[in-house]
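Okay, thanks for coming, everyone.

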Amino acid sequence: MSSTEQPGAPASAARTAAPHPSLTRSRVGEQETLRTVSLPGLTLAVRGRRDDGEAPEKDSRPAALYVHGLGGSSLNWSALMRQLAPDVRGEAIDLPGFGDSPPPDNGDYSVSGHARAVIRYLDSCGHAPVHLLGNSLGGAVTTRVAAVRPDLVRTLTLVSPALPEIPPQRTAWPTAMLAIPGIASLFCRLTRDWPAERRTGGVLGLCYGDPARVSPEDFAAAVEEYARRAELPYFWDAMVRSTRGIVDAYTLSGQHALWRQAERVLAPTLLVYGGRDQLVAFRMARRASAAFRDSRLLTLPDAGHVAMMEYPQIVAGAVRELIDDADTATQRSDDSAAGAGRQAPATPEGD
């Protein structure tokens with residue numbers, strides 16, 4: 001993590017400052033698209049795929065939406081989107097203040113604030129219900145979305161979701177400490193002379209189960225993207241405030257508690273956990289499996305925090321099974337309802 005601006009600058013300045021024109025867009029991969037959606041008080045960058053098949057209005061594939069984690073962006077989903085392109089019409093959003101999305105006008109980086117951004121996008125695009133996928137912070141956000149707006153979610157896939165873990169494992173403490181006032185500024189001073197390659201290597205070492213799986217080409221692209229975002233004047237504001245949003249969400253009780261909301265999720269849910277995850281403990285898989293009422297679990301012993309980037313083929317296979325099983329269950333339910341209607345005895349006239 002890096003920024004040319006010191007953290008702790010006034011939030012209003014960070015929200016209104018415009019990035020340098022040459023740094024306004026991240027890379028767009030082969031067959032990818034990147035567009036901007038403007039909503040009142042909110043602008044979201046949305047990454048999709050350009051397919052050579054039917055015209056958009058004739059596309060019969062179900063819709064999917066991908067939501068990244070803390071410090072990530074829609075680029076984190078490129079590999080999985082490519083794998084699932086034959087099955088779903090996928091889009092990945094940049095949460096406010098991340099990727100190519102500017103900060104929200106109201107400066108709300110809480111889990112609920114990010115969830116409202118996702119809900120507003122889904123309400124505006126007209127694709128719902130969608131197959132919703134979230135990683136890390138995005139897992140907490142999509143859990144909240146599925147709990148409060150079940151009408152928007154067909155299935156839910158959570159990759160290392162940031163659900164309350166108290167206390168977190170020791171390897172996650174440095175990230176959690178960003179929520180403490182002054183820590184981000186201290187980190188900036190201590191790492192001021194680090195090159196982008198060293199900073200990027202540190203992030204990949206934290207997130208990947210085996211950083212050696214990252215190809216030289218992908219590492220170079222990650223360095224470029226990291227350097228681009230480090231120049232954004234609101235980089236640290238978004239990081240610090242979103243980290244505080246996660247910490248705050250961990251302390252909520254009652255109906256707004258994330259574990260309570262997990263129990264309210266109706267959508268069939270796929271849980272993906274990595275055995276080498278340094279940010280979300282592998283042991284949390286058992287609690288998550290018990291909390292989500294209609295869940296299945298995929299464990300990858302060698303994966304870290306971003307299994308969809310490390311093992312996209314395996315994760316895609318599990319997502320396909322989830323979608324196919326959900327479609328089969330819906331079809332059986334519809335057939336059963338139709339059969340019951342046909343077999344219902346006629347009501348005698350006059351009764």
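Predicted model: local features only at pLDDT ≥ 70, side-chain atom pairs only at ≥ 80, totals over all residues.

Which residues of α7 are buried? Those are R199, T200, L204 and C207. They cover an arc of only 130° around the axis, so they lie on the same side of α7. And what covers them? The cover includes α8 (216-230) and α12 (307-310).

The buried list for α9 goes F235, W236, D237, A238, M239, V240, S242, T243, G245, I246 and A249.

Okay, stepping back for the overall numbers. The protein has 13 helices and eight strands. It has 351 residues, and 49% of them are buried. If you take the contacts with a sequence separation of 6 or more, 76% of them are between residues 24 or more positions apart.

Now a helix pair. How do α3 and α4 cross? Helix α3 is residues 111-125 and helix α4 is residues 137-148; their axes come within 9 Å and cross at roughly 65°. The crossing of α3 past α4 is right-handed. On the α3 side, the residues involved are V111, S112, H114, A115, V118 and I119, and they meet L137, A140, V141, R144, V145 and V148 from α4. By type, the residues of that contact come to nine nonpolar, two polar and one charged.

Between those two helices there are a couple of backbone details I'd like to flag. Going from A128 to P129, the peptide bond is cis, with omega near 0°. P129 itself is in the loop between α3 and β5, the strand at 130-135. Then there's S136, in the loop between β5 and α4. S136 isn't a glycine, yet its phi is positive, about 60°. Is S136 buried or exposed? Its relative accessibility is 10%, and the cut-off for buried is under 20%, so S136 counts as buried.

There's another positive phi to show you, at Q31. Phi there is near 65°, and again the residue is something other than glycine. You'll find Q31 in the loop between α1 (11-16) and β1 (32-39). Q31 has a relative accessible area of 27%, so this one goes down as partly exposed.

Last stop is T43, which is in strand β2, residues 42-49. T43 has a relative accessible area of 25%, which means it is partly exposed. What does T43 touch, once we leave out residues up to four places away in sequence? The list is T36, V37, S38, S101 and P102. For a distance, take T43 and D105: they are 62 residues apart along the chain, and their C-alpha atoms are separated by 9.0 Å.

That's the tour, so over to you for questions.

Terms used
Residues numbered from 1 in each chain as written. Heavy atoms only, no water. Axes fitted to C-alpha atoms, helices over the stretch in contact; angles between N-to-C directions. Helix = DSSP H or I, 4+ residues; strand = E, 2+ residues; numbered from the N terminus. Left-handed = near helix turned anticlockwise from the far one by under 90°. Contact = heavy atoms within 4.5 Å. Nonpolar A, V, L, I, M, F, W, Y, C, P; charged D, E, K, R; others polar. Buried < 20%, exposed > 50% of the residue type's maximum accessible area, 1.4 Å probe, protein only. Arc of directions from axis to C-beta.
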